[in-house]
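Hi everyone, thanks for coming.

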Amino acid sequence: MENSMSQMNRPATSPSPVVFLLFLALLAVLVSNAAGQTPPKSPQNIIVIKQMHFDPPSLNVKAGDVVEWKNEDIFSHTVTASDGTFDSGLIAPGSSWQTTITKTGDIAYHCRPHPNMTAHLIVQPLVGAEQHEQAGAQSTETSQASLRWRPPTKPEEFHPILVDFTAALLPLAFLSDLLGRLFRKQGLHTAGLWMMVYEAIITPFTSIAGWWWRNSEAGQLPARLIVVHEWLGTAAAVLFILLAVWRWGFHKRTITPSWTYLIAVFIALLALVYQGSLGGAMVFGQ
Ligand SMILES: [Cu+2]
């Protein structure tokens with residue numbers, strides 16, 4: 001008896017080959033990440049994009065200089081010359097873009113998704129021998145985004161994390177009750193009940209993190225998008241609490257949730273999809 005017990009216990013306590021392989025894979029990712037952190041060749045002129053600003057907002061360069069923009073912000077941005085001489089396309093957070101400036105004079109540029117972000121280059125013409133050193137004009141994008149993890153501390157980190165939970169729980173709450181009705185499975189209804197309850201508990205935190213983030217951006221966000229996004233998000237947090245109370249009522253009376261409830265949750269789901277598209281437009285551009 002004792003012998004068979006110890007045999008049953010052994011597979012559970014010793015690490016399985018699968019766990020070991022997962023551990024190796026994680027280690028490989030961490031090592032390759034650490035090894036891949038050699039900086040690329042640095043051009044003469046670097047402009048950092050951070051907190052919805054180009055820094056420095058004005059930079060003196062010479063014709064033929066390579067200028068690099070490093071996006072250290074949490075949003076994607078573009079570097080778009082107002083006279084059309086260059087346009088980076090979206091530069092992802094953690095990435096950079098560089099181009100060789102050939103046109104002289106005062107070149108104003110901005111970010112296309114965030115027109116409030118403006119800056120300019122003052123390009124001086126080259127004289128004599130300097131002209132020979134000009135290289136061919138090339139635009140390159142390099143990615144230095146790090147995979148290293150650290151605990152979130154800022155609202156722009158908390159909000160997207162909480163959004164994941166809000167966004168996952170609502171469709172699952174809906175699907176569980178819908179499939180529960182279609183297949184007459186009480187287990188699915190129980191799942192639908194609890195996921196709606198969790199949704200109601202977590203979404204107010206998602207909303208609070210959103211307001212915190214919005215206030216920390218101090219009016220730099222696209223005005224029309226953020227006004228709809230912030231109030232729709234707050235309304236959603238209240239709506240999910242009401243839906244959870246409604247859902248709890250069916251549970252108390254031990255009846256399956258009505259089609260009216262399911263339709264209401266489905267409409268809330270559509271609103272949440274729209275909400276997500278507004279958030280995405282602000283972060284990644286349109
Ligand atoms: Cu931008």
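I'll start with the overall picture, then move to the sheet, the loops and the helices.

Two housekeeping points before we look. Numbering starts from 1 along each chain, following the sequence as written. What you see is a predicted model, so local features are given only where pLDDT is at least 70, side-chain atom pairs count only at pLDDT 80 or more, and totals for chains, interfaces and linings use all residues.

Now the overview. The protein has six helices and nine strands. Here helices (H or I, at least four residues) and strands (E, at least two) are DSSP runs, numbered from the N terminus. There are 286 residues, and 24% of them count as buried. Buried means that 20 or more other C-beta atoms lie within 10 Å of a residue's own C-beta; with 12 or fewer it is exposed, and in between it is partly exposed, with C-beta atoms placed from the backbone. Next, contacts: two residues are in contact if their C-beta atoms, placed from the backbone, lie within 7 Å. Looking at contacts with a separation of 6 or more, 64% of them join residues 24 or more positions apart.

Let's go to the sheet. What is the order of its four strands? Reading across, the order is E3-E8-E7-E5, in an open sheet with mixed pairing. Strands pair if DSSP finds at least two bridges between them. At the edges sit E3 (58-62) and E5 (80-81), each pairing on one side only.

Strand E8 covers residues 118-124, and five bridges join E8 to E3, the two running parallel. Within that pairing, Val61 has Val123 as its bridge partner, and Lys62 stands opposite Gln124. E8 also pairs with E7 (residues 105-110), this time in the antiparallel sense over six bridges. Look for Val123 again here, as the bridge partner of Gly105. E8 has two faces as well: Ala119, Leu121 and Val123 are on the covered one, while Thr118, His120, Ile122 and Gln124 are on the uncovered one.

Now some backbone details. As background, most residues other than glycine have a negative phi, and most peptide bonds are trans. In this model, Asp55 and Pro56 are joined by a cis peptide bond, with omega about 5°. You'll find Pro56 in the loop between E2 (53-55) and E3.

Gln51 has a positive phi, near 45°, and is not a glycine. Gln51 belongs to the loop between E1 (45-50) and E2. Is Gln51 buried or partly exposed? With 15 other C-beta atoms within 10 Å, Gln51 is partly exposed. Thr254 also has a phi near 45°, and its place is the loop between H5 and H6. Thr254 counts as exposed because there are 7 C-beta neighbours inside 10 Å.

Two packed helices are described by the angle between their axes and the distance between the axes. The axes are lines fitted to C-alpha atoms, for helices over the stretch in contact, and angles run from 0 to 180 degrees between N-to-C directions.

Take H5 (residues 223-252) and H6 (residues 259-284): their axes come within 10 Å and cross at roughly 155°. H5 and H6 are therefore roughly antiparallel. The cut-offs are under 35 degrees for roughly parallel, over 145 for roughly antiparallel, 65 to 115 for roughly perpendicular, and oblique for the rest.

H5 has another partner in H4 (residues 186-216), with the axes 8 Å apart and an angle of about 160°. So H4 and H5 are roughly antiparallel too. Residues making this contact include Leu193, Met196 and Trp211 of H4, and Phe240, Ile241 and His251 of H5.

Let's finish with His159, which sits in H3 (residues 155-183). His159 counts as buried, because it has 23 C-beta neighbours inside 10 Å. Which residues does His159 contact, leaving aside neighbours within four places in sequence? They are Thr206, Ala209, Gly210 and Trp213. And from His159 to Phe205, 46 residues apart in sequence, the C-alpha to C-alpha distance is 8.4 Å.
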